[in-house]
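Have the model open in your viewer, with secondary structure drawn as a cartoon. The stops below are meant to be selected in order.

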Amino acid sequence: MACPFCSLLCDDLSLSVSKGNIAVTDNGCRQAKLGFEREATVEFPRINGKRVSQTAAIAAAAKLLRRAQRPFISGLGTDVEGIREAVHLAEKSKAIVDHGNSAGFDGGMRVMQSKGWYMTTLAELRNRSDLVVIVGADLVNHYENFVRRFLAPKQTLHLAQSKPRRAYFVGDQSVAPKSTKACMIEGINCDVTRVFEFMAALRASIAGRALKARRVAQASMTEIETLGRAIKEADYPVFVWAPAHLHGTQADLTIQSITRIIDDLNKTQRAAGLALGGDNGGMSAANVCAWLTGYPLHVSFAGKTIDYDPVQYRTSALLEHDAIDTLVWIDAIGNAAPPATNPGIKRIIIAPNQAEQSSNADVFIPVGVPGVDHAGAMIRTDSVVTIRLDQVRSSSSPSVRKIIHSIVGQL
Ligand code: SF4
């Protein structure tokens, strides 16, 4: 079975189901257990907290959207079909559409749009890379199965057994992944607020330029030079980072400095990057939005033509500046409460059957979880593979696609 609870979309989990309760029996991580084993509760559509029929809730949501002057559709924690309908809803209601965590992967998007990059896939990393440099990505708390499935898999297609993969973790060693028998992970401690300085020193070292500094961002020059030599000696080094785990405003600089090293290496050898991110439907949302509009999220349908603005139409900016009057928040995968908004903003919450998600909602409509309550498909973090999600338990909860399709029908 495939797991929808992070963008790795691991498809080798074993689950058992008894009376609607799911247990993860093999290959799941802590996050998968939290998601699949979440207690299934029965919830009902609500208007201003009062229980109503689904038909009435859908009609009330459509009415709010017809009256809205500045509607905004966000969250987008759902599968490909749900996101496709959400973009359609944005078009019909002249709304802005974005993903709830878009700020987390915008850093990579800006670098890609401005200068391009050499990127690879999870399969390519697993099968061909003999050296992996993990730059600050917290695999322990966010992508727990990355080591098992991609750094130390039981089988690879091409990597010669005679040359076992090496890996380095650059960053805060308190979140360093542990070595396994199949993959030794060496740690280099680095100040997480100065990773771009580390990368600049590494670039200089790889290019053979001598630096006078003894330490850079807490790492010794000896460690940096050792890593530089290992990268030059490797057949196919791959750098792995997670934009959301890089430090604040320096995320762009850090990603740029990593991609410059990769550019340099590709003049004489093969090297690539792999960004981890787009959880909670984020990678599916960016791709679906790009197919349908030509832009990866941050899109407004309010004017005569589609308007793309990654600064103005970012979820955090729109909520912070009170630039909307109606919020449609869709989150069928995550378990977090929707963001707070000012009292004047109307709220339509489309989420699984959890009481806290219905609080403060003008309209609350419960939905099922893709890959748990209904089948679906999501796009993996490397953006090249669409993973099929199966229905795991029988459920009467509708999909996001079905609910939004009904709202669109009334606009
Ligand atoms: S690493 Fe992600 S996709 Fe894989 S089992 Fe854990 S939560 Fe699910």
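Select β17 (346–351) and β18 (363–366): the two strands pair in the parallel sense over four bridges. Here two strands count as paired if DSSP finds at least two bridges between them, and helices (H or I, at least four residues) and strands (E, at least two) are DSSP runs numbered from the N terminus. Show Ile348, whose bridge partner in β18 is Val363.

This is a predicted model, in which local features need pLDDT of at least 70 and side-chain atom pairs count only at pLDDT 80 or more, while totals for chains, interfaces and linings use all residues. Residues are numbered from 1 along each chain as its sequence is written.

β16 pairs with β17 in the parallel sense over five bridges, and Trp329 has Ile349 as its bridge partner in β17.

Now widen the selection to the whole sheet. Nine strands form an open sheet with mixed pairing, in the order β4-β3-β18-β17-β16-β5-β6-β14-β15. At its edges are β4 (50–51) and β15 (307–308), each of which pairs on one side only. For an antiparallel pair within the sheet, select β6 (residues 96–97) and β14 (residues 299–300), which are joined by two bridges. Val97 stands opposite Val299 in β14.

Turn to the helices. α3 lies across β5 (71–77), β6 and β16 and runs at about 175° to β5. The angle, on a scale from 0 to 180 degrees, is taken between N-to-C directions of axes fitted to C-alpha atoms, for helices over the stretch in contact. Contact means that the C-beta atoms of two residues, placed from the backbone, lie within 7 Å.

Which residues of helix α13 (residues 400–408) are buried? They are Val400, Arg401, Ile403, Ile404 and Ile407. Seen down the axis of α13, these residues fall within an arc of 165°, so they line one face of the helix; the arc is that of the directions from the helix axis to the C-beta atoms. A buried residue has 20 or more other C-beta atoms within 10 Å of its own, with C-beta atoms placed from the backbone.

Last, select the hairpin of β19 and β20. Strand β19 (residues 376–379) runs antiparallel to strand β20 (residues 386–389), with four bridges joining them. Ile379 stands opposite Thr386 in β20. Six residues lie between the strands, and Ser383 takes a positive phi near 70°.

Technical notes
Buried ≥ 20, exposed ≤ 12 C-beta atoms within 10 Å, placed from the backbone.
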